[in-house]
Amino acid sequence: MPITGGRTIAGKKEQKSKERAKPTLEEIAHRANTSRSTVSRAFSRPDLLNPKTVEQILSIAEELGYRPNNMARALSTGRTGNIGLLVPDIANPFFPPLIKAIQQNADAYDLCLFLGSSGESAMRENTLLQRLASQTDGIILASTRLSEAQVRAHAERHPITLINRDIAGLPRVLIDTQAAVRDAIGFLIENGHRDIAYLSGPKESWSNQQRLEAATEACKSAGIRFEVIQLSEPSFEGGEKAAEESVAAGVTAILAFDDLTAQGAHARLSALGIVVPRDMSLIGCDDALPAMTHPALSTLSGLSQEAGRHALKLLQDAILHGKSLQDMKVVLGARFICRETSGPAQSKRQSKH
């Protein structure tokens with residue numbers, strides 16, 4: 001009995017010791033030489049404090065291993081500390097760097113990120129958006145496949161920030177690829193290509209609409225034959241199928257909707273005995289796979305990490321300040337990156353000899 005009792009007393013002491021070891025707001029306030037309410041505000045409403053004060057408090061909290069109680073914070077502030085991110089295809093190599101950038105910045109602000117992938121389905125995206133709205137303070141929609149009316153309806157009920165969708169009145173980050181597309185088409189024309197194909201992505205995609213418009217205008221103004229080949233799906237397999245159609249169309253250069261479809265096209269061209277870029281020039285978009293291809297893929301710079309960082313900042317501002325900042329827009333300019341899969345057309349190459 002005494003032994004058992006001794007263990008019980010020791011266990012209670014150990015439990016109390018652990019409880020005392022858990023850092024508190026008061027301890028952080030003492031270390032920061034400020035009040036408990038200021039420390040609490042640094043986690044719940046940092047916008048109301050001097051940024052240096054917030055930085056000092058968060059640094060001390062990190063040093064002590066303090067983690068705020070999100071349930072308590074939700075009850076006192078009406079905020080969950082959670083944000084959502086929806087992408088059309090998590091397997092597309094454009095999105096992992098974007099997700100990583102948002103995750104890293106969310107961690108820095110002690111936010112929990114909920115991720116959803118719609119599988120290129122507007123219906124599924126709508127369902128995921130409805131479910132995430134009840135569990136988050138705001139949601140980032142990347143390359144949404146929803147209609148403008150659907151997006152606006154959701155934005156009326158919940159803070160939303162868009163990536164690569166230009167809807168006036170909503171916070172959004174746009175990667176403008178039109179100038180880069182014109183440069184890519186200009187490069188092909190200068191190198192003797194007179195028959196160019198564009199592997200067109202989803203019709204709901206804002207990025208695809210921008211690229212198609214720029215490529216169409218560039219070829220039309222130069223009097224170049226321009227073939228639009230609709231991808232069956234924005235995937236490796238879709239790129240393979242579209243490559244066969246490009247060959248049948250008799251083009252000498254391909255601009256693909258993204259790097260993933262360009263990679264599929266490259267694989268199929270190789271299987272058909274068509275050498276890139278000797279027989280066919282190939283250009284992707286997003287700069288997501290250049291190190292994984294041989295020869296290195298010519299492409300348009302992706303800027304997905306920068307887009308992710310800007311989108312999170314805009315979402316935080318929308319959550320904290322409401323409708324007053326909803327029409328904020330950040331535009332990032334892409335550029336054409338010429339690597340090893342694009343070069344002179346055969347006719348131009350032969351004329352040099």
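A residue is called buried here when its relative accessible area is under 20%. The model is predicted. By that criterion, Phe 94 and Phe 95 are buried.

A search of the whole structure returned two aromatic pairs. Phe 94 and Phe 95 make up one of them, with ring centres 5.2 Å apart and an angle of 85° between the planes. This geometry is edge-to-face, because the planes are over 60 degrees apart. Phe 187 and Phe 336 also form an aromatic pair. Their centres are 5.6 Å apart and their planes make 50°, a tilted arrangement. Both Phe 187 and Phe 336 are buried. Phe 187 belongs to helix α9 (residues 178-190), whereas Phe 336 belongs to strand β12 (residues 336-337), so this pair ties together parts 149 residues apart in sequence.

The largest nonpolar core contains 64 residues. Those with the most contacts inside this core are Ile 83, Leu 85, Ile 185, Ile 196, Leu 199 and Leu 255. Helix α9 gives the most to the core, with seven residues. In general, nonpolar side chains of soluble globular proteins tend to be buried together.

Six strands form an open sheet with parallel pairing, in the order β2-β1-β3-β4-β5-β11. Strands β2 (112-117) and β11 (329-333) stand at the edges. Each has a single partner strand, so one side of each lacks a neighbour in the sheet. Neighbouring strands are turned by 15° against each other on average, direction ignored. Within this sheet, β3 (residues 138-142) and β4 (residues 160-163) run parallel and are joined by four bridges. Leu 141 stands opposite Leu 162 in β4. Helix α6 (residues 95-108) packs on the sheet and touches β1 (82-87), β2, β3 and β4. The direction of α6 makes about 175° with that of β1.

Another open sheet is built from four strands in the order β7-β6-β8-β9, again with parallel pairing. Its edge strands are β7 (225-230) and β9 (281-283), each of which pairs on one side only. Strand β8 (residues 253-256) runs parallel to β9, and three bridges join the two. Ile 254 has Leu 282 of β9 as its bridge partner. Helix α10 (residues 206-222) packs on this sheet, in contact with β6 (195-200), β7 and β8. The direction of α10 makes about 170° with that of β6.

The peptide bond from Val 276 to Pro 277 is cis, with omega near 5°. Pro 277 is found in the loop between α12 (259-271) and β9. Asp 286 sits in the loop between β9 and β10 (299-300). Its phi is near 105°, a positive value in a residue other than glycine. With a relative accessible area of 12%, Asp 286 is buried. Leu 303 lies in the loop between β10 and α13 (304-321). Phi of Leu 303 is near 60°, also positive in a residue other than glycine. Leu 303 counts as partly exposed, at 22% relative accessibility.

Note on methods: Residues are numbered from 1 along each chain as its sequence is written. This is a predicted model: local features need pLDDT of at least 70, side-chain atom pairs count only at pLDDT 80 or more; totals for chains, interfaces and linings use all residues. Side-chain values use heavy atoms; hydrogens and water are left out. Rings of Phe, Tyr and Trp (its six-membered ring) pair if their centres lie within 6.5 Å; planes under 30 degrees apart count as stacked, over 60 as edge-to-face and the rest as tilted. Buried means under 20% relative accessible area, exposed over 50%, partly exposed in between (1.4 Å probe, protein chains only). A nonpolar core is a set of buried Ala, Val, Leu, Ile, Met, Phe, Trp, Tyr and Cys residues joined through side-chain atoms within 4.5 Å. Two strands pair if DSSP finds at least two bridges between them. Contact means heavy atoms within 4.5 Å. Axes are lines fitted to C-alpha atoms, for helices over the stretch in contact, and angles run from 0 to 180 degrees between N-to-C directions.
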